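Subject: Structure handover

Hi,

Here is the structure I promised to pass on to you.

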Amino acid sequence: MSKLASFALAAALMLALASQALAQDKKQTVRNYGIGHTTTAAEIAGWDIDVRPDGQGAPPGHGSVKDGEKVYMEKCAGCHGEFGESAGRWPALAQGKGTLASNDPVKTVGSYFPYLSSVFDYIRRAMPFGDAESLSNDELYAVTAYVLNLNDIVDDKFVLSKETWTKVKMPNQGGFFDDDREKAEKAFWNAKPCMKDCRDPVKITGHALAVDVTPDDKAKKRGGVE
């Protein structure tokens, strides 16, 4: 066997041994951590609770405006007011229509939120304050329906569920649009922005004629003016 062939064989053998050792070391490292476990389907389901605007992902259940009023008065009105007008510094949930273009916009469910899923998801994850995710699916549907009713989006007899989801039309759905900065602000872009010495150096062009411009105690005694 030539020296070149012997060298190639030795190199291949060393590479194989190194790969095997690396794989073994990787397995051993994983075993030695001793923490964590394979995520179960139930654990994933607990996090996977997002709902799309068309209702995909909405949980089973239903809730009426009437039932939602009971939930709202018990768990929500203390902060948001009996009619969604807000209490104290807590945000209002209702009214505010036509204010978004004013100097004092009032962003509520009826005036601002673009999709039902935005309302539903926020209540589901964050409310009631201090006891988040405590609502059952039926309570969640019901209180969401009641908040919609406070904003005159659904009538008093409406029952919200996955099946009636698409019947809800949010007033400000058309007020949102895709980010268009790529076109609208293209004129402001610079393919080669300045990264060094971008401004002229600062130069002193004048000096104050008097340096004692700040009154002190002596000036007060002399009748100086503060």
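Below is what I found, going from the overall fold to single residues.

**Overall picture**

Please keep in mind that this is a predicted model. The protein has eight helices and two strands, and from the N terminus on these elements run α-α-β-α-α-α-α-β-α-α. Of its 226 residues, 25% count as buried. Among the contacts with a separation of 6 or more, 57% are between residues 24 or more positions apart.

**The nonpolar core**

The largest nonpolar core holds 31 residues, and Tyr72, Leu148 and Val168 have the most contacts inside it. At least two residues of this core come from each of α3 (65-75), α5 (116-126) and α6 (137-150). The helix that gives the most is α6, with eight residues.

Not counting residues up to four places away in sequence, Val168 touches Leu116, Leu148, Ile153, Val154, Phe158 and Leu160.

Thr144 sits in helix α6 and counts as buried because its relative accessibility is 0%. Beyond its neighbours within four places in sequence, Thr144 is in contact with Leu116, Val119, Phe120, Ile123 and Leu160.

In α3, the buried residues are Val65, Gly68, Val71 and Tyr72. Looking down the axis of α3, these buried residues fall within an arc of 115°, so they line one face of the helix. As a reminder, an α-helix has 3.6 residues a turn, so residues three or four places apart point the same way. The face of α3 turned away from the buried side carries the exposed residues Lys66, Lys70 and Glu74. What do the buried residues of α3 pack against? Their partners are β1 (62-64), α4 (77-80) and α6.

Buried residues in α5 are Leu116, Ser117, Val119, Phe120, Ile123 and Arg124. Here the arc seen down the helix axis is 160°, so the buried residues of α5 line one face of the helix. They pack against α6 and β2 (159-161).

**The largest pocket**

This part may interest you if you want to look at open space in the model. The largest pocket has about 370 Å³ of space. It is lined by 19 residues, and the closest to its centre are His80, Pro91, Leu93, Tyr122 and Met127. The elements that give two or more residues to the lining are α5 and α6, and α5 has the largest share, with three residues. By class, the lining has 17 nonpolar residues, one polar and one charged.

Glu139 lies in helix α6 and counts as partly exposed because its relative accessibility is 25%. Glu139 and Ser64 are 75 residues apart in sequence, with 9.1 Å between their C-alpha atoms. Leaving aside neighbours within four places in sequence, Glu139 is in contact with Val71, Lys75 and Ser134.

The second pair involves Lys97, in the loop between α4 and α5. With a relative accessibility of 48%, Lys97 counts as partly exposed. Lys97 and Asn172 are 75 residues apart along the chain, and their C-alpha atoms are separated by 9.3 Å. Setting aside neighbours within four places in sequence, Lys97 is in contact with Ser111, Asn151 and Asp152.

**Backbone details to check**

Which peptide bond is cis? The bond from Met127 to Pro128 is cis, with omega near -5°. Pro128 lies in the loop between α5 and α6, and Met127 is also among the residues closest to the centre of the largest pocket.

Glu133 is found in the loop between α5 and α6 too. Glu133 has a positive phi of about 65° although it is not a glycine, and it is exposed, with a relative accessible area of 53%.

Asp197 also has a positive phi, near 50°, and is a residue other than glycine. Asp197 lies in the loop between α7 (181-184) and α8 (217-221). Its relative accessible area is 68%, so Asp197 counts as exposed.

That is everything from my side. Happy browsing!

Best wishes

Conventions. Residues numbered from 1 in each chain as written. Predicted model: local features only at pLDDT ≥ 70, side-chain atom pairs only at ≥ 80, totals over all residues. Heavy atoms only, no water. Core = buried A, V, L, I, M, F, W, Y, C linked by side-chain atoms within 4.5 Å. Buried < 20%, exposed > 50% of the residue type's maximum accessible area, 1.4 Å probe, protein only. Helix = DSSP H or I, 4+ residues; strand = E, 2+ residues; numbered from the N terminus. Contact = heavy atoms within 4.5 Å. Arc of directions from axis to C-beta. 1 Å grid on protein atoms, 1.4 Å probe; cavity = no way out; pocket = protein on both sides within 12 Å on 5 of 7 lines; lining within 4 Å. Points joined across faces, edges and corners; volume = space filled by probe spheres on them. Nonpolar A, V, L, I, M, F, W, Y, C, P; charged D, E, K, R; others polar.
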